[in-house]
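Here are some notes for a colleague who has not seen this structure before. They go point by point, from the whole chain down to single residues.

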Amino acid sequence: MAKVYVFDHPLIQHKLTYIRDKETGTKDFRELVDEVATLMAFEITRDMSLEEVEIETPIGLMKSKVLSGKKIGIIPILRAGIGMVDGILKLIPAAKVGHVGLYRDPKTLQPIEYYVKLPSDVEERDFIVIDPMLATGGSAIEAINSLKKRGATHIKFMCLVAAPEGVKALQDAHPDVDIYIAALDEKLNDHGYIVPGLGDAGDRLFGTK
């Protein structure tokens, strides 16, 4: 079963409070999401593998460590996931960025894939799928399906706020995908919104209604 990591770092929790606040405007909301994404990227990369190399400092030779293993791919779920990309790239500037676009079928309410663009070397990368919200889990599940259909085998999911229903749905659908969240909220309401949540992340990021 997939592991769930809830980040309790004081800076993440402090900034998340202002992200949730309905009085926070678009500019500040966008900047705070960017900052929290950077902090979460620091945590989510903790298990990246290292190898030893020999370098020469101004004083002399030494052995030191550099990253090894698979390259990283960042996959925002359109559109709100875009708001977290730059924050992660600040720490992992060499990562490639793909995109997965989904819309909800008005009759079945199921997510439908309408756009997928991934790095060409899918099999060689560790992917981080990002979206500010994990509500019902439908979009995250379908986005990860899209990656797996194209050959991805190492995937993590990262979001700001999650509902227990979405976490369980994602675990059931993809037990091999670990979940990284800044806060696990109370529940979903009758309209599928996370309670207490932070509202519509896409609208708040881009100033739309």
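1. Two residues are in contact when they have heavy atoms within 4.5 Å of each other. The model discussed here is predicted. Among contacts in the protein chain between residues at least 6 apart in sequence, 64% join residues at least 24 apart.

2. Overall form. The protein chain holds 6 helices and 13 strands. Its radius of gyration is 18 Å, close to the 17 Å that the globule rule gives for 209 residues, so the chain is as compact as a globular protein of that length. Along the principal axes, the C-alpha trace spans about 65 × 40 × 30 Å. Of the 209 residues, 44% count as buried.

3. An unreviewed UniProt entry places the feature "domain: Phosphoribosyltransferase" at residues 6-208. That span is 31% helix and 33% strand, and its end C-alpha atoms lie 29 Å apart.

4. The largest nonpolar core. In soluble globular proteins, nonpolar side chains tend to be buried together. Here the largest such core has 36 residues, of which I19, M40, I88, I130, M158 and L160 touch the most other members. Two or more residues come from each of several elements, including helix 1 (10-20), helix 2 (26-44), helix 3 (85-89) and helix 6 (201-206) on the helical side. The strands that do so are strand 4 (71-78), strand 8 (125-130), strand 10 (154-162) and strand 11 (178-184). Which element gives the most to this core? Helix 2 does, with 8 residues.

5. With residues up to four places away in sequence not counted, I88 touches A37, T38, A41, I74, I130 and M158. Of these partners, I130 and M158 are also named among the core members that touch the most others. Apart from this core there is a second, separate one of 24 residues, which includes L102, V122, C159 and V167.

6. Binding site annotation. The unreviewed UniProt entry gives a "binding site" that covers I194, G199, D200 and A201. The lining of the largest pocket takes in I194, G199, D200 and A201 from this set.

7. Two residues of that site. Are G199 and A201 buried or partly exposed? G199 sits in the loop between strand 13 (194-195) and helix 6, and it counts as partly exposed because its relative accessibility is 38%. A201 belongs to helix 6 and counts as buried because its relative accessibility is 4%, under the 20% cut-off. Leaving out residues up to four places away in sequence, G199 touches M133 and Y193.

8. The hairpin of strands 2 and 3. Strand 2 (residues 50-56) and strand 3 (residues 61-67) form a hairpin with 4 residues between them. They pair in the antiparallel sense over 7 bridges. V53, for instance, has S64 in strand 3 as its bridge partner. How many of the 7 residues of strand 3 are buried? The count is 0, and the strand is hardly covered.

9. Cis peptide bonds. A cis peptide bond joins L78 and R79, with omega about 5 degrees. R79 lies in the loop between strand 4 and helix 3. The bond from V195 to P196 is cis as well, with omega near 0 degrees. P196 is placed in the loop between strand 13 and helix 6, which is also the loop of G199.

10. E124 and its partners. E124 is found in the loop between strand 7 (111-117) and strand 8. Where are its contacts, once neighbours within four places in sequence are left aside? They are K70 and K71. K71 is 53 residues from E124 in sequence, while the two C-alpha atoms are 6.8 Å apart in space.

Definitions and conventions. Residues numbered from 1 in each chain as written. Predicted model: local features only at pLDDT ≥ 70, side-chain atom pairs only at ≥ 80, totals over all residues. Heavy atoms only, no water. Core = buried A, V, L, I, M, F, W, Y, C linked by side-chain atoms within 4.5 Å. Buried < 20%, exposed > 50% of the residue type's maximum accessible area, 1.4 Å probe, protein only. UniProt positions renumbered as here; feature names shortened; annotations may be inferred. 1 Å grid on protein atoms, 1.4 Å probe; cavity = no way out; pocket = protein on both sides within 12 Å on 5 of 7 lines; lining within 4 Å. Pairing = 2+ DSSP bridges. Rg over C-alpha atoms; globule rule 2.2 N^0.38 Å.
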